[in-house]
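Please have the sequence and the structure open side by side as you read.

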Amino acid sequence: MRSAKDFFRPLAVGAPAPVREVPLRPSRMIHFFDPGNEKMAAKVPSLAPQVDVLLGNLEDAVPADRKEAARLGLVKTARATDFGDTQLWTRINSLDSPWVLDDLLTLVPEIGDKLDVVMVPKVEGAQDIHYVDRLLAQLEAKAGLGRPILVHAILETATGVANVEEIAGASPRMQGISLGPADLAASRRMKTTRVGGGHPGYLVRADPAPAADGGADAPRPTFQQDLWHYTIARMVDACAAHGILPYYGPFGDIQDVTACEDQFRNAFLLGCVGAWSLHPAQIAIAKRVFSPSPQDVAWARRVIAAMGDGTGAVMIDGKMQDDATYKQCLVVADLADALAARDPELAEVYAAATREEDAR
Ligand code: GLV
Ligand code: MG
């Protein structure tokens, strides 16, 4: 067993010291692009200011005969682009593939100074994170990098879900975890054929009406249920317990912007900080959903101001506030401050709503 005292020691001589806290940088949308597709790569400089995270995808959706082109395309794009304060992430190939070693051996020396996070697919347990952790440390030391590249795991196998707590706590390098509903559905042998979202067959039905109202012959409304509730809740708890960030992953039906927004919002309300965007149409959805509403921010700021040192209880508009609601309001207000610091338009919207709330 590794001593707790050694947990924050670099795993290779000369590698940068591990971070103690995950940097709280906005990551409402992790926007995927195929770096081997020249048309898509050419759009990266104009996309960068519109998103919080740009991710060069090397894994699924990149055909086997284009893996190398995608890897080299990412090197070229990363070198040529000024990302400003937008983060650059990559999704490497899975650890059981023949491509992943070359992904890391190429990317760290070539663009390690620009890469913020490496997303690792199909993580099954702490052993997968330990493998990447040590390898990254060796490569960072060799490349003379001054800051560690962080690691993000995709939760997309049944074994991974069973081990989600140990994955979240496997290394100080862990930045967060995303739900991967498509691979997870396959791994669990779920009978769906979609990328995220619900299914009309997964429902509950109202009881039959009393005989006086038509009995069993009266229509019985049904309510579709969320296939992902259990996994997202487990993932959120594991991440919160280990001080890392949870994300909803992909929503594959690009046309269905309404259901996409619903799925993203469920994840936001349960504690997730962002989701993947697979198409430019999903960028605005993620931005809207994962930025707290101006009304909620104004309310949170009002409660915080009224609660003073955060102890005791006050009544505001007939609603009881105490230490626990104060803490909830801090979550909303701190997130709003972090987003506003990067987005002057949002800062003004929040300020206007706060002025309105104060004037009430
Ligand atoms: C994402 O990679 C997924 O499998 O849903
Ligand atoms: Mg997947």
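## A partly exposed aspartate and its partner

Aspartate 317 has a relative accessible area of 44%, so it counts as partly exposed. Keep in mind that this is a predicted model. The notes below begin with this aspartate, then turn to other salt bridges, helix packing and a few individual residues.

- Aspartate 317 sits in the loop between E11 and E12.
- Its phi is near 50 degrees, a positive value in a residue other than glycine.
- For background, most residues other than glycine have a negative phi.
- Aspartate 317 also makes a salt bridge with arginine 360, and the closest N and O atoms are 2.9 Å apart.
- Arginine 360 belongs to the segment after helix H14 (344-359), while aspartate 317 is in the loop between strand E11 (314-316) and strand E12 (319-321), so the pair ties together parts that are 43 residues apart in sequence.
- Arginine 360 is exposed, with a relative accessible area of 64%.

- Across the whole structure, a search finds 24 salt bridges.
- One of them joins the side chains of aspartate 52 and arginine 28, at 2.8 Å from N to O.
- This pair links distant parts of the chain, 24 residues apart: aspartate 52 is in the loop between helix H2 (44-47) and strand E2 (53-57), and arginine 28 is in the segment before strand E1 (29-33).
- Are these two residues buried or exposed? Aspartate 52 is buried because its relative accessible area is 2%, and arginine 28 is buried because its value is 4%.
- Aspartate 133 and arginine 173 form another salt bridge, with the closest N and O atoms 2.7 Å apart.
- Helix H5 (residues 126-143) holds aspartate 133, and the loop between helix H7 (164-168) and strand E6 (174-179) holds arginine 173, so the pair ties together parts that are 40 residues apart in sequence.
- Both aspartate 133 and arginine 173 are buried.

**A salt-bridge network**

- Which residues are linked in a network of salt bridges? They are Glu59, Asp60, Arg91, Lys122 and Asp183.

**Helices H3 and H4**

- Helix H3 (residues 67-80) packs against helix H4 (residues 100-111) at an angle of about 15 degrees, and their axes are 10 Å apart.
- Because of that angle, H3 is roughly parallel to H4.
- The crossing of H3 past H4 is right-handed.
- On the H3 side, the contact is made by Arg71, Leu74, Val75, Ala78 and Arg79; on the H4 side, it is made by Asp102, Asp103, Thr106, Leu107, Glu110 and Ile111.
- Sorted by class, this contact has five nonpolar, one polar and five charged residues.

**Helices H13 and H14**

- The axes of H13 and H14 come within 6 Å and cross at roughly 135 degrees.
- The two helices are therefore oblique to each other.
- H13 contributes Ala336, Leu339, Ala340 and Arg342 to the contact, and H14 contributes Pro344, Leu346, Ala347 and Tyr350.
- By class, the contact of H13 with H14 has seven nonpolar residues, no polar residues and one charged residue.

**Aspartate 343, in the loop between the two**

- Aspartate 343 lies in the loop between H13 and H14.
- Its relative accessibility is 12%, so aspartate 343 counts as buried.
- Leaving aside its neighbours within four places in sequence, aspartate 343 is in contact with Arg28 and Lys287.
- Aspartate 343 and proline 294 are 49 residues apart in sequence, and their C-alpha atoms are 14 Å apart in space.

**The buried side of helix H11**

- In helix H11 (residues 280-290), the buried residues are Gln282, Ile283, Ile285, Ala286, Val289 and Phe290.
- As a reminder, an α-helix has 3.6 residues a turn, so residues three or four places apart point the same way.
- What covers the buried residues of H11? The cover includes E1, H2, helix H10 (257-270), strand E10 (275-277) and helix H13 (323-342).

**Alanine 61**

- Alanine 61 is in the loop between E2 and H3.
- Its phi is near 90 degrees, a positive value in a residue other than glycine.
- Alanine 61 is exposed, with a relative accessible area of 74%.

Technical notes. Residues numbered from 1 in each chain as written. Chains lettered and ligands numbered in written order. Predicted model: local features only at pLDDT ≥ 70, side-chain atom pairs only at ≥ 80, totals over all residues. Heavy atoms only, no water. Axes fitted to C-alpha atoms, helices over the stretch in contact; angles between N-to-C directions. Helix = DSSP H or I, 4+ residues; strand = E, 2+ residues; numbered from the N terminus. Parallel < 35°, antiparallel > 145°, perpendicular 65-115°, else oblique. Left-handed = near helix turned anticlockwise from the far one by under 90°. Contact = heavy atoms within 4.5 Å. Nonpolar A, V, L, I, M, F, W, Y, C, P; charged D, E, K, R; others polar. Salt bridge = Lys/Arg side-chain N within 4 Å of Asp/Glu carboxyl O. Buried < 20%, exposed > 50% of the residue type's maximum accessible area, 1.4 Å probe, protein only.
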